[in-house]
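Morning, everyone. I'll walk you through one model today, piece by piece. Have a look at it first.

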Amino acid sequence: MTDMIKYINREISWLKFNARVLQEARDNTVPLIERLRFLGIYSNNLDEFYKVRYATVLRALQVDTSAYNNIIENQSLSDLLEEIKQVVAIQQQSYDRTYDVIIKELQEEGIFFVNDYQIEGEQIQFVENFFKTKLRHTIAVFLWNPDSKTIPELRDGTFYLAVKMTKYAKSIKNTYALIEVPTYLHNRFVILPSQNKQQYIIFLEDIIRYHLKEIFHLFDFDSIEAHSIKISKDAELDIDQDLQTSLMEKISRSVDDRRKGEPVRMVYDREMAPDTLLYLKKVFHLDHYDSLSPGSKYHNKKDFLGFPDIGRPDLEFEPIEPITPPDFEASNSFIDVIRKKDQLIYTPYIDYSVFLKTLREAAIDPKVESIKMTVYRVADDSQIMSALINAAKNGKKVVAVLELRARFDEAANVHWSKRLQDAGATVIFGVPGLKVHSKIGVITYSKKSKQKQIAFVSTGNFHEKTARIYTDFTLLTSHQGICAEIDQIFDFFQANYKIKDYEYLIVSPHETRDKIYALIDQEIHNASEGKPAQINIKVNSLSDQEMIDKLYAASKAGVEVRMVVRGINCLIPGIPGLSSNIQAVSVVDRFLEHPRVYWFKNGGDDLVYISSADLMTRNIDNRVEVSCPILDKKLKKMVMQIFELNMEDNVKGRLHNQTLNEVYTTNDLPPNRSQLSIYQYFKNLYDIKSKSEK
């Protein structure tokens, strides 16, 4: 037992999750343009991995090895970095092959990508006109002196063309430059005039390449070449301890400083000349710990997420029509509906506008006195924030607990905090030392001279755009015990010394670990007495070592443990004598599986919680998270049924195992693609017929 491998490193497990995303891009049953978008998701994920996770390991290695808690004993950080590079290199080869296959299949559909050497006919005039009228004045050019040691300030999330101008006379040094490709201003993919019923698309950077001589017409050179590079920089915010500076000012300053973060990875065109590559390594101060990844001509393929509509719906997912529960369809007041009976939204299958309309109603309802809610990530043009601003302007007390440290959304949250304050809302910037990750709110109103409340608890952000692509639960409840406890959490936000016990909720950082342990212990006790005992968990990530050990103990005690873990899973199921009673699957499909659910069999009287908390140390011990029980029997059954459909997915489900290969779940049951099955479940539940059935 002492030599048994009991855990998987968090970073390696995350990379294997991204391999499952890449698997979707390779899946011929996925519509062709959607496969292209899965390439974009993979690339976007990997960018964030290097900016955050890889950078964290690298920083720990260079500054303080104790700053990184590696769950794998005797694995040095330098060995971990090397393993990461090897895994990514293998995935990159698969990625490039997949991209080539998709491009070929697009050609078979009459859709062609052309490069700067293939433009012809009327396309030439179109490209020249596009460059002159739209592109020329938006590109930025950075020139380097050959002996320069300074690095131009690079825009985060943007990629560049490394330009080399050469004079054949040996005494003249090469001239180098960087061109910023302004994909933040233009769609990366420019649709060219069609010809013979065939569609043509050109990358934005190829239009720039086509005009290189015009861009650098002031320079004397015999040859000019441009190769793409992409730099990923350390995205950790440096929040200093200056007590005279407000948190909002610190966040604003740190977001600006992020642009100056240390490079941790460079992806470059493998056709780049060796001397150009050497020069770039020098000016970017890239050493042997930093990741250098040779790639194809085109980088930053995360832009495939925004691949334009080319009028081929047959090559995209068929749209689903969100369902509005009949209780809301038949009522003029959504607050009254919730007051009478708990409601549960499960996006994207249930229409998120139910929640939006509830907030908008509260903003103008004369009976509503106050609205309190947490804000982690919201849409750029958020209807939710507009409703809060509207409510504040209508004289209602609005309290928004706004987490300024939501990674990569800090600037947007600073913007919204100012707008809320200008409208008269009270804005609380989180809790010192803790990130507020909970998704909760409470609306207080008057009813027959008495104060009443409704509350909402979600597993996902209050974000109407991600609600179309993330699966998440949002509970709308009038249970006065739950409402009162959510109100108590807002008291804690305003006075952090007010730490209270909760009867219904499970709240991090003060309770989650102990209460989850107690619930697991109860299942162990029930198993010992021959009572029904089972633990069912659905999370994005499971990496807390103590929690994993607790689940191992439950397995050894004979408790069946079933888990749906989309991403990181450091637990290894199926090890004889340790985890033989544990099953774990990952569902990767059209929608991002995002809910957190904790379901304990409890001797037959099922306890079901929805939560904002993954089973990671940061969520358990270092964040404000809320888990809320589902008390309504019908809603509880709904959550349990959705879990079962996920667990039994034999089309898009993959097994978590020690080999870390992307093995699909197989069984003798009829095909069950859980995301489609769940949509059909709701249609049956609410007796909704499709257009073809009407």
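Let's start with L161, which sits in strand 3 (residues 160-166). Strands here are DSSP runs of E with at least two residues, and helices are runs of H or I with at least four, both numbered from the N terminus. A quick word on the source: this is a predicted model, where local features need pLDDT of at least 70 and side-chain atom pairs count only at pLDDT 80 or more, while totals for chains, interfaces and linings use all residues. Residues are numbered from 1 along each chain as its sequence is written, and side-chain values use heavy atoms, with hydrogens and water left out.

Is L161 buried or exposed? L161 counts as buried, because its relative accessibility is 0%. The cut-offs: buried is under 20% relative accessible area, exposed is over 50%, and partly exposed is in between, with a 1.4 Å probe and protein chains only. Set aside neighbours within four places in sequence, and the contacts of L161 include L178, I179, I208 and H227. Contact means heavy atoms within 4.5 Å.

Next, helix 8, residues 274-283. T276, L277, Y279, L280 and V283 are buried there. What covers them? Strand 3 is part of the cover, and so are strand 2 (140-144) and strand 4 (175-180), among others. The face turned away carries exposed P274 and L278. Just after helix 8, H285 has a positive phi of about 55°.

Now a helix pair. The axes of helix 1 (residues 10-26) and helix 3 (residues 77-108) come within 10 Å and cross at roughly 5°. So helix 1 is roughly parallel to helix 3; that label needs an angle under 35 degrees. Axes are lines fitted to C-alpha atoms, for helices over the stretch in contact, with angles running from 0 to 180 degrees between N-to-C directions.

Last, the cores. A nonpolar core is a set of buried Ala, Val, Leu, Ile, Met, Phe, Trp, Tyr and Cys residues joined through side-chain atoms within 4.5 Å. The largest has 92 residues, and F355, L505 and F682 are among those touching the most other members. Helix 18 (residues 633-647) gives the largest share, 8 residues. A second, separate core of 84 residues includes A25 and Y298.

Key: Parallel < 35°, antiparallel > 145°, perpendicular 65-115°, else oblique.
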